[in-house]
Amino acid sequence: VERYNRHGALEASKWPGAFAGVELTNEWNTLICMPYGFGGCSASGNEPTAKDWANWCYGRPFTWSSRYWDGTPQMMYDFYVSTAKLIKLQYPGIRVGGPASGFSESFFPCGDISPTSLGMTWIKHFLENVKAQGAPLDFFSFHYYGQGQGQSTDMASLPTAYQSFLQVIESVGGFGDLPLAITEYNSPFVLGNQSAYVGSLAGAADNAAK
């Protein structure tokens with residue numbers, strides 16, 4: 001923060017018509033915590049229940065992998081609370097927010113993005129921890145890549161994202177008019193492969209629309 005805040009570049013007062021701040025964590029909810037060999041969610045009756053996911057994704061031993069986070073959701077909540085408080089203590093004029101949640105069907109267990117899903121339950125618990133411990137949350141952030149790791153250009157899930165997040169935020173209460181910020185986005189792509197769509201004219205138009 002000190003490095004990027006030279007001459008007060010991150011101070012909220014420096015951006016009256018725009019936005020700057022410190023975002024904590026990155027797509028922490030992309031836990032891949034199914035038991036080894038599990039075939040994933042399917043329409044054949046092999047779908048895990050919320051209880052199954054809770055058993056797999058909480059607590060020790062850590063038997064899962066994640067692109068950006070290796071720890072329990074509670075560890076992430078504690079990390080945000082302690083770090084956000086330290087930043088505000090040192091730099092009270094800087095906005096601090098998060099949790100930079102990945103949002104699309106590919107980021108949530110079984111693709112369930114409803115307000116009562118396990119993925120949204122993690123978000124709710126994050127907000128409850130922030131509120132209970134008096135940590136700053138100046139903005140709520142998430143990342144949006146259409147339908148995730150595919151080539152669909154359908155943006156239908158974006159309004160659903162807003163509504164789901166808003167319902168969860170309102171259910172916890174106490175955050176006032178909390179800004180929602182899309183802090184990372186792109187056209188849909190495939191990890192590990194060069195995506196022709198992202199670099200195409202159509203992909204550019206898709207991004208402009210977002």
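This is a predicted model: local features need pLDDT of at least 70, side-chain atom pairs count only at pLDDT 80 or more; totals for chains, interfaces and linings use all residues.
**Entry on the faces of E5.** I looked up which way the side chains of E5 point, and found Phe 139, Ser 141 and His 143 on one side and Phe 140, Phe 142 and Tyr 144 on the other, all of them buried. I set beside this the general rule that in a regular strand the side chains alternate between the two faces of the sheet.

**Entry on the sheet.** Which strands form the sheet, and in what order? I found an open sheet of four strands in the order E1-E4-E5-E6, with parallel pairing. Its edge strands are E1, residues 22-23, and E6, each of which pairs on one side only. I then followed the pairings one at a time. E1 and E4 pair in the parallel sense over two bridges, and I found Gly 97 in E4 as the bridge partner of Glu 23. Helix H2 packs on the sheet, where it touches E1 and E4, and its direction makes about 150° with that of E4. Between E4 and E5, which run parallel, I found five bridges, and there the bridge partner of Gly 102 is His 143 in E5. On the other pairing of E5, with strand E6 (residues 180-185), I again read a parallel sense and five bridges, and the bridge partner of Phe 142 is Ile 182 in E6. I also checked helix H3, which lies across E4 and E5 and runs at about 175° to E4.

**Entry on the core.** I next looked up the largest nonpolar core, which has 37 residues, and noted that Phe 103, Leu 127 and Phe 165 have the most contacts inside it. At least two residues of this core come from each of helix H2 (73-90), strand E4 (96-103), helix H3 (118-132), strand E5 (139-144) and helix H4 (157-172). Which element supplies the largest share of this core? I found that H3 does, with seven residues.

**Entry on aromatic pairs.** I found five aromatic pairs in the structure. Is Phe 19 buried or partly exposed? At 41% relative accessibility, Phe 19 counts as partly exposed, whereas Phe 139, at 2% relative accessibility, counts as buried. I then turned to Phe 142 and Phe 165, whose rings have their centres 5.0 Å apart and their planes at 45°, so this pair is tilted. Phe 142 lies in strand E5 and Phe 165 in helix H4, so the pair ties together parts that are 23 residues apart in sequence. Both Phe 142 and Phe 165 are buried, and I noted again that Phe 165 is among the residues with the most contacts inside the largest nonpolar core. I also recorded one aromatic cluster, formed by Tyr 77, Tyr 80 and Phe 126.

**Entry on the whole chain.** Last, I went back to the protein chain as a whole, which has five helices and six strands, running from the N terminus as β-β-α-β-α-β-α-β-α-β-α. Of its 210 residues, 41% are buried. Among contacts between residues at least 6 apart in sequence, I found that 70% join residues at least 24 apart. The accessible surface of the chain comes to about 10,900 Å², and 54% of it belongs to carbon and sulfur atoms.

Notes:
Residues are numbered from 1 along each chain as its sequence is written. Side-chain values use heavy atoms; hydrogens and water are left out. A nonpolar core is a set of buried Ala, Val, Leu, Ile, Met, Phe, Trp, Tyr and Cys residues joined through side-chain atoms within 4.5 Å. Buried means under 20% relative accessible area, exposed over 50%, partly exposed in between (1.4 Å probe, protein chains only). Two strands pair if DSSP finds at least two bridges between them. Contact means heavy atoms within 4.5 Å. Accessible areas come from the Shrake-Rupley method with a 1.4 Å probe; for residues, only the protein chains shown count as cover. Axes are lines fitted to C-alpha atoms, for helices over the stretch in contact, and angles run from 0 to 180 degrees between N-to-C directions. Rings of Phe, Tyr and Trp (its six-membered ring) pair if their centres lie within 6.5 Å; planes under 30 degrees apart count as stacked, over 60 as edge-to-face and the rest as tilted.
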